[in-house]
Amino acid sequence: MMQAARVKEKINRMFNGEHINSTENRSVLHVALRAPRDTVINSDGENVVPEVWKVLDKIRDFSERVRSGAWVGVTGKTLKDVVAIGIGGSFLGPLFVHTALQTEAEAIECARGRQLRFLANVDPIDVARNITGLNPETTLVVVVSKTFTTAETMLNARTLREWISSALGPQAVAKHMVAVSTNLKLVEQFGIDPNNAFAFWDWVGGRYSVCSAVGMLPLSLQYGFSIVEKFLKGASSVDRHFYSAPFEKNIPVILGLLSVWNVSFLGYPARAILPYSQALEKLAPHIQQVSMESNGKGVSIDGVPLPYQTGEIDFGEPGTNGQHSFYQLIHQGRVIPCDFIGVVKSQQPIYLKDEVVSNHDEVMSNFFAQPDALAYGKTPEQLQKENVPEHLVSHKTFSGNRPSLSILLPSLNAYNIGQLLAIYEHRVAVQGFVWGINSFDQWGVELGKSLATQVRKQLHASRKKGESVEGFNFSTKMLITKYLEASADVPSDSSTLLPNI
């Protein structure tokens, strides 16, 4: 299968900067984002690593100035609070890393007195929650949008610009807002100094951009560059392993093949990601995007409809919370392959004098037990020997033979978190290589955005000009009409209303 799919050739082509994202005619080089400074990785005949490090050095310098108080807000106060505005890949990956680092001992010390928040949803409730308790005088906003045109991100950016301007004056924007973007013209028009724009490149897909300025800038502002550099080194170590290790010892390759086997050969369409560490609570939502946006395709890389299903339905929850939520279905309902992720050393160990085991050992007892329960189950004969009433035997029978895999990390520091991220990124790529699809485009997100533009125009025309709802199917027309009738008291364009929390 591996030879037929030319997996090794495709891995080499990715690392060599060839345009394996053929529908967008782009290289796929997120590995360059964490490559050592002296590495040579070419795209279109040019080594991109020096440019990567130019941005990383700029992030290091800026974050150190903000953290030290050399860069202050317009009123002279230290900028100790950061709100990062972005959506999709500009949000889920950085949030995962931030959440994983929040309770790590070294990271705690580096982040003392600071806070980092992420504003993603265009729903005004998300705005209200993010600015609650914040003082504009001590807040720095990072706007993440490659083109500086992403609808949700830019509306949220304009909202926070108004929040800052109304409190501190329009001149405060240049001191309190920075950008991660390549569109310097729009950055400047927005009111942000182009010198405070941090670049990334077309060969970085959004869901693979954690290691670019998208993630490294807000994370460096919170934890300092030394912490995020360890994270980058961890990811880079897996990049080297993925590129050079023989397939029989190659972790991302083995994991990718297991997923293909479960989906395409055994017919199991879902996968549960089950980290037995609360610090990894945002891993599943991030991998959900990395996996489902990458491999949820219906045609081959050549545009031919596929005769088989690709991609997985990813979901998950930290153990042991998930055990009290959806494990019933996993054990006795549908067969759902599981990824169990455990950690040898807890970030926050607790030992109580009279307890049989430590709190972390209690968590890990469940981590080790669950795969066995799925694999071996419990037979009617075993239940009968335990004198289970006959009418309950079928209810308490576990069929077993349910697939899972276990990953055991030595600890959960910045380096290991980077390793875990890269393992999943490359696993997804291997699946796509075997399935013969393009794992690096996402045309499926376009239609809904296009239709939303039509709805937006209709809402404006109906509210401001009284125009009737036209051009939609009957169901949607009725829903929009009811919405307009029920929300007729929405303020006009001439007024500004910010959250009142």
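**Exercise 1. Sort the residues that line the largest cavity into nonpolar, polar and charged.**

Solution. The lining of the largest cavity divides into seven nonpolar residues, one polar and no charged. Here Ala, Val, Leu, Ile, Met, Phe, Trp, Tyr, Cys and Pro count as nonpolar, Asp, Glu, Lys and Arg as charged, and the others, Gly among them, as polar.

Before going on, a word on the model: it is predicted, with local features needing pLDDT of at least 70 and side-chain atom pairs pLDDT 80 or more, while totals for chains, interfaces and linings use all residues. Residues are numbered from 1 along each chain as its sequence is written, and side-chain values use heavy atoms, without hydrogens or water.

Now find the residues themselves: Leu33, Val52, Val55, Leu56, Trp201, Cys211, Ser212 and Ala213. A cavity is a set of points on a 1 Å grid over the protein atoms alone where a 1.4 Å probe fits but cannot get out, and lining residues have an atom within 4 Å of a point. Helix H3 (residues 49–68) gives the most to this lining, with three residues. Helices (H or I, at least four residues) and strands (E, at least two) are DSSP runs, numbered from the N terminus.

**Exercise 2. Classify the pair formed by Phe62 and Trp71.**

Solution. Start with the rule: rings of Phe, Tyr and Trp (its six-membered ring) pair if their centres lie within 6.5 Å; planes under 30 degrees apart count as stacked, over 60 as edge-to-face and the rest as tilted. The whole structure has 14 aromatic pairs. For Phe62 and Trp71, the centres are 5.2 Å apart and the planes stand at 70°, so this pair is edge-to-face. Both residues are buried, where buried means under 20% relative accessible area, exposed over 50% and partly exposed in between (1.4 Å probe, protein chains only).

Methods. On a 1 Å grid over the protein atoms alone, a cavity is a set of points where a 1.4 Å probe fits but cannot get out, and a pocket is an open set with protein on both sides within 12 Å along at least five of seven lines; lining residues have an atom within 4 Å of a point.
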